[in-house]
Amino acid sequence: MSGSDDVKPSIVVERVTVRYGNGVTAVNDASFSLGAGTICALVGINGSGKSTLFKTLMGFLKPARGSVSIAGLPVRQALKRGLVAYVPQAEEVDWSFPVLVEDVVMMGRYGHMGFLRIAGRADREAVEQALARVNMLEFRERQIGELSGGQRKRVFLARALAQGGQVILLDEPFTGVDVKTEDAIVALMRELRAEGRLMLVSTHNLGSIPDFCDQVVIINKTVLAAGPTQTTFIHDNLQRAFGGALRHFRLGGADLHEDADERHVTVITDDERPLVLYGRQDSETQAPGTTNGETADAGKAEPVKDAAP
Ligand SMILES: Nc1ncnc2c1ncn2[C@@H]1O[C@H](COP(=O)(O)OP(=O)(O)OP(=O)(O)O)[C@@H](O)[C@H]1O
């Protein structure tokens, strides 16, 4: 599909500091590394530097210090080879711009075309396959601005697929999409992981992370914790990252049970989708989604309503 089939995707961020022109240091001394066949969540409060990190990985911003390499290459070379694909936040796109769905997806092929950007058969086939894969083929001749939020996300995912990106950066892919579309996006991401691709996903939907991410990077200007979800996406790290911004409450005893049941429920949320931890006594410091060896389906957990913070 692309000239990148021989490439082993990876991201290595080493002691990276990024500053804006106004002097704001948005990312300071950040380090983490990710390998092939990975879905990694990038988690942090508003303003913690997630988008800045993405912009750095996309070569829009240059680190003041430190280094970034993608598939073993400097960012610029990785971009030139079309190895990095980006699925933007909805706010970053001008939806009034008159462009057809298939033209947006074709943009993913530009790196494969010559100077005059004339699409060949392989490009048209790649666009068709990508649209089919996200179930948007029937919308190919619609204006992008006429689509729903979830459909727009799928079109940008199709653009990343048509490009053949081995490292895919997704900025808030679940914002403004319904649960069915979220499930479809997650299913596609799992397929891409099985193909060996590497995805870095910025998300505020804490509840769905244990369900589909195998790695987590938690940031607040710098990397507070990075590693496998089981050992990194834990209560103490989240508390450090979110502090007062995190709504955190625990129900147990008479609030939850009419008998002497010792079990309790802890809910941690910074957004519309809470993370629900089930535990006994002080056991919720273990990895979310697991309790006494059982797996709790945190991603599908119902929000606990009317709970006092
Ligand atoms: N263009 C810019 N010029 C100057 N400062 C900026 C610029 N963009 C972001 N910042 C600052 O850099 C810091 C990190 O912002 P960034 O957008 O990376 O956060 P984020 O984690 O993506 O936030 P959110 O969850 O709200 O999307 C913030 O303090 C922000 O105010």
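This is a predicted model: local features need pLDDT of at least 70, side-chain atom pairs count only at pLDDT 80 or more; totals for chains, interfaces and linings use all residues.
User: Which strands are the edge strands of the open sheet of six strands?

Analyst: The sheet is open and has mixed pairing, with its six strands in the order β6-β7-β8-β3-β9-β10. From one strand to the next, the twist averages 15°. Pairing on one side only marks the edge strands, which are β6 (84-87) and β10 (222-228).

User: In β9, which residue is the bridge partner of Ala41?

Analyst: Strand β3, covering residues 38-43, runs parallel to strand β9, covering residues 215-220, and four bridges join the two. Within this pairing, the bridge partner that Ala41 has in β9 is Val216.

User: What angle does the direction of helix α9 make with that of β10?

Analyst: Helix α5 (residues 149-163) packs on the sheet where it touches β6 and β7 (167-171), and its direction makes about 175° with that of β6. Helix α9 (residues 235-242) also packs on the sheet, touching β3, β9 and β10, and the angle between its direction and that of β10 is about 155°.

User: Which helix gives the largest share of the shell around the ligand?

Analyst: The residues around the ligand include Tyr20, Asn22, Gly44, Gly49, Lys50, Ser51 and Thr52. By class, the shell has three nonpolar, eight polar and one charged residues. Its largest share, three residues, comes from the helix spanning residues 50-57, namely α1.

User: In the hairpin of β1 and β2, which residue takes a positive phi?

Analyst: Strand β1 (residues 11-19) and strand β2 (residues 25-34) run antiparallel and are joined by six bridges, with Val13 standing opposite Phe32 in β2. The hairpin has five residues between the strands, and the residue there with a positive phi, near 95°, is Gly23.

User: Where is Asn135 found, and is this residue buried or partly exposed?

Analyst: Most residues other than glycine have a negative phi. Asn135, although not a glycine, has a positive phi of about 65°, and this residue is found in the loop between α4 (121-133) and α5. Because a residue needs 20 or more other C-beta atoms within 10 Å to be buried, and Asn135 has 14, Asn135 is partly exposed.

User: How many C-beta neighbours does Lys221 have inside 10 Å?

Analyst: Lys221, which lies in the loop between β9 and β10, is a residue other than glycine with a positive phi, near 70°. Lys221 counts as partly exposed because its number of C-beta neighbours inside 10 Å is 18.

Terms used: Residues are numbered from 1 along each chain as its sequence is written. Two strands pair if DSSP finds at least two bridges between them. Axes are lines fitted to C-alpha atoms, for helices over the stretch in contact, and angles run from 0 to 180 degrees between N-to-C directions. Two residues are in contact if their C-beta atoms, placed from the backbone, lie within 7 Å. A residue is near a molecule or strand if its C-beta atom, placed from the backbone, lies within 6 Å of it. Ala, Val, Leu, Ile, Met, Phe, Trp, Tyr, Cys and Pro count as nonpolar, Asp, Glu, Lys and Arg as charged, and the others, Gly among them, as polar. A residue is buried if 20 or more other C-beta atoms lie within 10 Å of its own, exposed if 12 or fewer, and partly exposed in between; C-beta atoms are placed from the backbone.
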